[in-house]
Amino acid sequence: VLTRPRSVASVIARVRNRSSETVGSGKERVLRLLRQVAANEALQDECKVTGSFGRTLKPACPVSHCPIEEAAIGRNCHHVQGFYLHS
């Protein structure tokens, strides 16, 4: 596969310009994915843990392990985890 060399800054600018995702649409996407997971789990006889247990999530990029300041996710991804756009 041949690709044209691009700088990190140009890739970031391209993602920003082409993104149609908003906070609201991103939230709906996550809720839809969680509903799908819940529906699949309801069909299985597994243990289910619920509750916050006093913990909070601090989003960290799975690529760089840095805090996510500007989140990105693939257009056709079917998972909740995003990554830090600058990674």
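I started with the E70–R16 pair, whose side chains meet in a salt bridge with N to O at 2.7 Å. My cut-off for a salt bridge is a side-chain nitrogen of Lys or Arg within 4 Å of a carboxyl oxygen of Asp or Glu. E70 lies in the loop between α2 and β1 and R16 in helix α1 (residues 8-18), so the pair ties together parts that are 54 residues apart in sequence. Helices here are DSSP runs of H or I with at least four residues, strands are runs of E with at least two, and both are numbered from the N terminus.

A note on the source: this is a predicted model, where local features need pLDDT of at least 70 and side-chain atom pairs count only at pLDDT 80 or more, while totals for chains, interfaces and linings use all residues. Residues are numbered from 1 along each chain as its sequence is written, and side-chain values use heavy atoms, with hydrogens and water left out.

E70 is partly exposed at 24% relative accessible area, and R16 is partly exposed at 45%. The classes are buried under 20%, exposed over 50% and partly exposed in between, with a 1.4 Å probe and protein chains only.

How many salt bridges does the rule give? The count comes to 2. R35 is partly exposed at 47%, and E28 is partly exposed at 39%.

Then the cysteines. I found 0 disulfides in the structure, taking a disulfide as a pair of cysteine sulfur atoms within 2.5 Å. C61 is buried, at 1% relative accessibility, whereas C66 is partly exposed at 34%.

I checked backbone angles too. Most residues other than glycine have a negative phi. H65 has a positive one, near 65°. H65 sits in the loop between α2 and β1 (71-72) and is exposed, with a relative accessible area of 64%.

Last, the surface. L31, L34 and V80 make a nonpolar patch of about 240 Å². Patch residues have over 30% relative accessible area and no salt bridge; like charges are joined within 9 Å and nonpolar side chains (Val, Leu, Ile, Met, Phe, Trp, Tyr) within 5 Å. Areas come from the Shrake-Rupley method with a 1.4 Å probe, and for residues only the protein chains shown count as cover. L31 belongs to helix α2 (residues 23-42) and is partly exposed at 37%.
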